[in-house]
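Please keep the sequence and the model in view while reading.

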Amino acid sequence: GEISVKRRNDLLKKMTDKVAELVLFNNFEQSRLISQTLYSCNYYMSLYVNFINYYERRGQLKRKLYALPDNKILSKRMSSEEGLTRPEISMLIAISKNIICKELQQSQLLDHDYFEGYLYKAFPKSMWKKYKESLLNHRLRREIIATQLSNRIVSEMGLAYIFQMQREMSTSLENIVCAYIISREIFDFDRFESDINSYDFQVSTQTQYDIMAHFISLVRRASRWFIQKQVVVDDISILIDTYKPTINYLYKRTPKLLKDGALKKYTAYQCELIDSGIKEADAARFSVLPVLFNGLIIVDASLVVNVDMSDLTKCYFQLTQQLQLLWFREYLNSYPAMNRWTASAKSVFKKDLDTSLSVLTVSVINHVGEAKSVSSRVKAWVEAHSHFIEKWTKLMSDMRSSANADFAMITVAINELGKLTDL
């Protein structure tokens, strides 16, 4: 009753184009998500099968009603690397969004002021700017926010993201959502997605999907990092402000800090993107994604020691180079997670590796001696721990010579790193 019927109709008429833009954008996002899922379907197929079986057992997914294949057919497809079809992916996306939306409506998370932005995004700007208070008091406020947030999570992180995090990390939906929001904001998801979309019809969709897959993997890894920290909604703004400046710094500085194998991979991917039609500046930024996660560890180290960020960053990358830890992380990531227990063990190992890296970086910075430059400090620290370095180098050599990732060797390596941090 705040406005007359005539004014309401005039307002709706003026917003027609803006509403159409919102609808078309959502349609575009849905289509892109289906194609992106199809592109990486073989890699995540076992996860999707677990998703189907889990929610079918809970009565939240009716396989026959939704025309989804049985396990026998899915098993054959996995063997032949066929994956899911677009209609099947569409159905699973809808199911995932509905499940998350319902769970969010039962959570107190949506009552926090931070999530008001998701309410406004459902309406044209002219409407929420003029009728902000009315929207905040809307009787379907929680339902609208839940719908917007669940749609955003699935569209950006994939249909099984929440399911996977809940199963692997044994944590709450609230913790996952907070970790996801922090991660997407730290790495500037909106800008990155816009930059990739700007290449529509200029480069192949496969190139765009590949870049996006690297970025989603980065945000996924970062969200695991923050999930382990048990973040809550009040932490969101504080942690974004704490971590984002360093991430922005590393976007520009990291290429100059890489050496040997890591530098070769970065350069090769950058050249590949440029050859595909990506501008040189964008190619440089996209190519750094696989190592940008290290920025989170560097920030944690910076909270312990009062040192220039440039020196701390140099110290970190020189240390990881000396101990071959960027390669070791890739080795750990390459180990197949055939079940939830292996996946959980990998998560624990990654957490232990990250903790060790932060502690060791601080140890090098605080190393007592005459060395003043970063390189001299790293060298002095390595010499002081020469016995361990020799043993660690031998272990890395054995791992490099093995045909496949070995879980026992990973366990020993993580244990050895833990011993070094205790020295």
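Helices (H or I, at least four residues) and strands (E, at least two) are DSSP runs, numbered from the N terminus. In the second largest pocket, H2 gives the largest share of the lining, 7 residues. The model is predicted, so local features need pLDDT of at least 70 and side-chain atom pairs count only at pLDDT 80 or more, while totals for chains, interfaces and linings use all residues. Residues are numbered from 1 along each chain as its sequence is written, and side-chain values use heavy atoms, with hydrogens and water left out.

**Second largest pocket**

- A pocket is an open set of points on a 1 Å grid over the protein atoms alone, with protein on both sides within 12 Å along at least five of seven lines; a cavity is a set where a 1.4 Å probe fits but cannot get out; lining residues have an atom within 4 Å of a point.
- The second largest pocket holds about 580 Å³ of space (grid points are joined across faces, edges and corners, and a volume is the space filled by probe spheres set on the points).
- Its lining has 23 residues, and Leu22, Phe25, Lys121, Gln148 and Arg152 lie nearest the centre.
- Two or more lining residues come from each of helix H2 (16-39), helix H6 (116-120), helix H7 (125-130), helix H9 (141-157) and helix H12 (189-197).
- By class, the lining of this pocket has 10 nonpolar, 4 polar and 9 charged residues (Ala, Val, Leu, Ile, Met, Phe, Trp, Tyr, Cys and Pro count as nonpolar, Asp, Glu, Lys and Arg as charged, and the others, Gly among them, as polar).

**Cavities**

- The whole structure has 3 cavities of 30 Å³ or more.
- The largest cavity has a volume of about 110 Å³.
- Its lining consists of Arg221, Arg224, Trp225, Gln228, Phe293, Arg329, Asn333, Ser347, Lys350, Lys351 and Asp354.
- The lining of the largest cavity splits into 2 nonpolar, 3 polar and 6 charged residues.

**Packing against H13**

- H12 packs on helix H13 (residues 205-228) at about 170°, with axes 10 Å apart (axes are lines fitted to C-alpha atoms, for helices over the stretch in contact, and angles run from 0 to 180 degrees between N-to-C directions).
- H12 is therefore roughly antiparallel to H13 (angles over 145 degrees count as roughly antiparallel, under 35 as roughly parallel, 65 to 115 as roughly perpendicular and the rest as oblique).
- Phe189, Phe192, Ile196 and Asn197 of H12 contact Gln208, Ile211, Met212, Phe215 and Val219 of H13 (contact means heavy atoms within 4.5 Å).
- The H12 contact with H13 has 7 nonpolar, 2 polar and no charged residues.
- Helix H11 (residues 173-186) and H13 pack at about 130°, with axes 8 Å apart.
- H11 is therefore oblique to H13.
- The crossing of H11 and H13 is right-handed (the near helix is turned clockwise from the far one by less than a right angle; anticlockwise is left-handed).
- Val219, Ala222, Ser223, Phe226 and Ile227 of H13 meet Asn175, Ile176, Ala179, Tyr180, Ile182, Ser183, Arg184 and Ile186 of H11.

**H20 and H23**

- Helix H20 (residues 325-334) packs on helix H23 (residues 386-401) at about 40°, with axes 11 Å apart.
- H20 is therefore oblique to H23.
- H20 passes H23 in a left-handed crossing.
- Leu325, Trp327, Phe328 and Tyr331 of H20 meet Trp392, Met396, Met399 and Arg400 of H23.
- That contact comprises 7 nonpolar, no polar and 1 charged residues.
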